[in-house]
Amino acid sequence: DHIAVVLPAISAKVRNRMVQMEIPFIVPNTQIYLPLAVINLKESFGKTRSVEGKPLSPAAQVLFLMQLQKGGFENQSSKEIARRIGYSRASMSAACAELEQNNLCRTIRKGKEQRIEFERSPKVLWEHALPLLKTPTRKTHWVIWTRQPLPEARLAGISALSQISSLADDRTATYALKEQTVREGLEKGIIHGCADCHEADALLEAWSYDPALIAEGNAVDRLSLYLSLRQNPDERVQSALADMMEGFSWR
């Protein structure tokens, strides 16, 4: 008789270690390692596994959206990804593991480093990930600029959507900044909060990640824009979003 460990999911690092130690294991519908019987380590892209229903972290989401729209992370290590995005190596290593657990990529060992691979097309990955993606907008503030606007700010919300559709912009423009930048700007008096749109220079969205990382010119990227507006109840907004996604050019 043989005994095998049954796991709901397994990372590439743990898998490789268990194989080296010849520990039999089974990940149902995904992988089988029974060294005295059969080996099947083929990666499977079935339904989301152990973290089903849990949204991606901001670091994992921005990495994923950058790959879909700009590419360039194939066969990259977490150290190389961290250097490009500006996050710590540890946070990018965790983000890669998170994407792998959700069947959005796989990691393979090359030499001493784990490298990331995306085996499916960007459109298929986007559709698979949609339930795990959330709006980047954490808070909104009516603000008055000291410098108008901050150079790292990007048009967002209705203002960004109006640039690529027939939708009319709001009277007060919407911008996005990283949440930490908004907080520091308010604390240092670079940005001043105000009561409502009648006093404000802008509606400022505080994002969970830096919108400038994947911005399209002076506006936020289209996939983040979609996520930030997909719960908007205005039918005109939903129609404009549908047109935007229908015309989206996948890599």
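The model is a predicted one, in which local features need pLDDT of at least 70 and side-chain atom pairs count only at pLDDT 80 or more, while totals for chains, interfaces and linings use all residues. Residues are numbered from 1 along each chain as its sequence is written, and side-chain values use heavy atoms, with hydrogens and water left out.

The accessible surface comes to about 13100 Å², computed by the Shrake-Rupley method with a 1.4 Å probe, where for residues only the protein chains shown count as cover. Carbon and sulfur atoms hold 49% of that surface. Turning to contacts (heavy atoms within 4.5 Å), 65% of those with a separation of 6 or more join residues 24 or more positions apart. The secondary structure comprises nine helices and twelve strands; helices (H or I, at least four residues) and strands (E, at least two) are DSSP runs, numbered from the N terminus.

Two strands count as paired if DSSP finds at least two bridges between them, and here five bridges join S6 to strand S7 (residues 113-117). Within this antiparallel pair, threonine 107 stands opposite isoleucine 116 in S7. In general, strands of a sheet pair through backbone hydrogen bonds, either parallel or antiparallel.

Side chains of opposite charge can pair when their charged atoms come close. Arginine 115 is buried, at 16% relative accessible area, whereas glutamate 80 is partly exposed at 25%.

A second salt bridge connects glutamate 117 with arginine 106, their closest N and O atoms being 3.1 Å apart. Because glutamate 117 lies in strand S7 and arginine 106 in strand S6, the pair ties together parts that are eleven residues apart in sequence. Glutamate 117 counts as buried at 17% relative accessibility, and arginine 106 as partly exposed at 21%. Elsewhere, arginine 236 and aspartate 234 meet in a salt bridge of 2.7 Å, N to O. Here arginine 236 is exposed at 57%, while aspartate 234 is partly exposed at 24%. Salt bridges that share partners also join Glu80, Arg89, Glu113 and Arg115 into one network.

Finally, the cysteines. The search for disulfides (pairs of cysteine sulfur atoms within 2.5 Å) finds zero in the whole structure. Cysteine 105 is in no disulfide, its nearest cysteine sulfur, that of cysteine 96, being 6.1 Å away. Cysteine 105 counts as buried, at 2% relative accessibility. For cysteine 197, the closest cysteine sulfur belongs to cysteine 194 and is 8.8 Å away, too far for a bond. Cysteine 197 is partly exposed, at 25% relative accessibility.

How values were computed. Buried means under 20% relative accessible area, exposed over 50%, partly exposed in between (1.4 Å probe, protein chains only). A salt bridge is a side-chain nitrogen of Lys or Arg within 4 Å of a carboxyl oxygen of Asp or Glu.
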